[in-house]
Amino acid sequence: MELKVLFVSPEVVPFAKSGGLADVAGSLPPALKRLGVDVRIVMPFYRSVKEGDFKSNVTKEKLATPIGKQMINARVRETRTLEDVPVYFLESEELFDRPNLYGSYVGDYYDNLERFTLLSRGALELALDLNFIPDIVHCHDWQTGIIPALLKGPYISKTEFAHTSTVFTIHNMGYQGNFPKEKLTATGLPVADFFHPEGLEYWGNISLLKSGIVYGDVITTVSPTYAQEIQTPDYGMGMEGVLQKRNDVLFGILNGIDYNVWNPEKDKHIIMSYNNKKKSGKKKCKEALIREMKLETAIKGKPLLGIISRLDSQKGFDILLSIIDKIIAMDTGLVLLGSGDPVMEKALKEAVNKFKGKIGIGTGFNDPLAHRIMAGADLFLIPSRYEPCGLTQMYALKYGTVPIVRATGGLNDTINDFDGEKGNGFKFHGYEPSSLLKTIEKAVTLFHSKATWKKLMSNGMKEDFSWDRSARRYLELYESMKRQK
Ligand code: ADP
């Protein structure tokens, strides 16, 4: 019988995105469908979805979902992805019709717990309402962390779910969904059963991430290296002990990428397509990027470094900015696209302003520019402090844009140091400006050895990080869980 998976995520490409989770939630379900899984997605009907160019049909006017003492009647809308995966949106003007997904730069929305309780409980209510009883509920990040707890608490009496298991996937330990303990009642989880150190209590508060880790039947994270790292104090962000306890059901499965979207052969955003056999288009893309970012034309023959990133302390901007003058002194160009906190955006602009002509900067979330940087740059920098999986290094490989990464998380699992023959990029270990600088020096020197550089580019362009392999790993996991239930 077909395996049924309810895929609950706060972000899904193309509907709503703030980071890599959205890419994953947009491409893993179609890959699972190709393997024969009956997978359906549930996500919030944010304002951005409402205002986006997506058609959806209202399939239910009122899906009653209790949030504390209140009953929220969410409207259910349905659409299909291009690959025909059903997507259910939960609509609540009161909770989801906001300018942003989670909050503004001033802070998170005060009622995020209620908002994502609606997503989590609403998903279970929807499954019952549709009579779509999943073998697996696949939950993503803290926003869905109460689902495993709900199934072990208030929903245990629902015999429909007797054979339903949960997978909880951690995309980033840095987002923990911590709230004051008084908020717990809104989730419907009984305080006595769940608010204790072995439960979702976290330093006197509640943590929805911890809830997912403690109550998920299986926990996954997005790369083998990150699965190990998060069990240590340096990367566990206080949850390393909890994760060690669940070590027997904790798996690292590397994310894949969508080569329909990130592929220089068919990228609609770039001036000229290219591939590993015929790379001449890349030169045109570089020239176009230099024009667009108003860099000196001489950079055509020099190494051009690119960065596309959320502006977050995770991403290594502190070590990068401390050596920016030395990077430019190596006779390079730099194109930077960063989005996030407007204060950080402004500070970044100020820091690089004195290098006009050498550094080009884009701010805000700009997907077409991200594609043009991928295609136009020669080198791609990811000096992250930590990186659960990272997608941009895999995109960069496909575009022949050689990654320079810190050896952490998925960056460590996907990039192998080039030894003149084998390898696809450059890796450094210590989180220090000097390590980053040395590695950039090495890369920039090699850039001028044209034949070797071509070999390095080709090694990367030949890599295959498509979703099919990772989706098969998830399927194996789902199937083994189903057998055990
Ligand atoms: P994270 O999830 O931590 O943000 P990932 O590397 O997993 O990091 O995913 C980042 C995704 O977001 C990539 O698809 C990248 O291209 C995109 N991205 C990041 N910043 C921007 C931006 N300013 N404009 C457009 N896309 C961006």
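## Before we start

Residues are numbered from 1 along each chain as its sequence is written, and side-chain values use heavy atoms, with hydrogens and water left out. Because the model is predicted, local features need pLDDT of at least 70 and side-chain atom pairs count only at pLDDT 80 or more, while totals for chains, interfaces and linings use all residues.

## Around the ligand

Let's begin with the ligand. Its shell has 22 residues, and those that come nearest are Lys17, Gly20, Arg310, Lys315 and Asn366 (a residue is near a molecule if one of its heavy atoms lies within 4 Å of it). By class, the shell divides into seven nonpolar, nine polar and six charged residues. Here Ala, Val, Leu, Ile, Met, Phe, Trp, Tyr, Cys and Pro count as nonpolar, Asp, Glu, Lys and Arg as charged, and the others, Gly among them, as polar. At least two shell residues come from each of these elements: helix H1 (20-34), strand S15 (304-311), strand S16 (333-340), helix H16 (367-376) and helix H17 (392-398). Helices (H or I, at least four residues) and strands (E, at least two) are DSSP runs, numbered from the N terminus.

Now look at some atom pairs. An oxygen atom of the ligand is 2.8 Å from an N or O atom in the side chain of lysine 315. A nitrogen atom of the ligand is 3.0 Å from a polar backbone atom of glycine 364, and a ligand nitrogen is 2.9 Å from a polar backbone atom of asparagine 366. On its own the ligand has 560 Å² of accessible area, and the protein covers 93% of it (Shrake-Rupley method with a 1.4 Å probe).

## One cavity

The structure holds one cavity of 30 Å³ or more, and the largest cavity has a volume of about 40 Å³. On a 1 Å grid over the protein atoms alone, a cavity is a set of points where a 1.4 Å probe fits but cannot get out, and a pocket is an open set with protein on both sides within 12 Å along at least five of seven lines; lining residues have an atom within 4 Å of a point. Grid points are joined across faces, edges and corners, and a volume is the space filled by probe spheres set on the points.

The lining of the largest cavity is made of Phe45, Tyr46, Arg47, Lys50, Glu91, Ser92, Glu93, Phe96 and Asp97. Helix H2 (47-51) and helix H3 (93-96) are the elements that give two or more residues to this lining. Sorted by class, the lining has three nonpolar, one polar and five charged residues.

## The second largest pocket

This pocket has a volume of about 880 Å³. Of its 29 lining residues, the closest to its centre are Val13, Pro14, Asp258, Val261 and Asp367. H1 gives the most to the lining, with three residues, and the lining contains eleven nonpolar, eight polar and ten charged residues.

Proline 14 sits in the loop between strand S1 (4-8) and H1.

## Residues in loops

Threonine 408 lies in the loop between strand S19 (402-406) and helix H18 (409-414). Threonine 408 counts as buried because its relative accessible area is 0% (buried means under 20%, exposed over 50%, partly exposed in between, with a 1.4 Å probe and protein chains only). Its side chain makes a polar contact with the side chain of glutamate 229 at 3.0 Å. A polar contact is a pair of N or O atoms within 3.5 Å; within protein, one must be able to donate a hydrogen and the other to accept it, and residues adjacent in sequence count only if both atoms are side-chain atoms.

Which residues have a positive phi although they are not glycines? Aspartate 141 is one, at about 65°, and methionine 237 is another, at about 50°. Aspartate 141, in the loop between strand S8 (136-140) and helix H5 (146-152), is buried at 8% relative accessibility. Methionine 237, in the loop between helix H10 (233-236) and helix H11 (240-245), is partly exposed at 32%.
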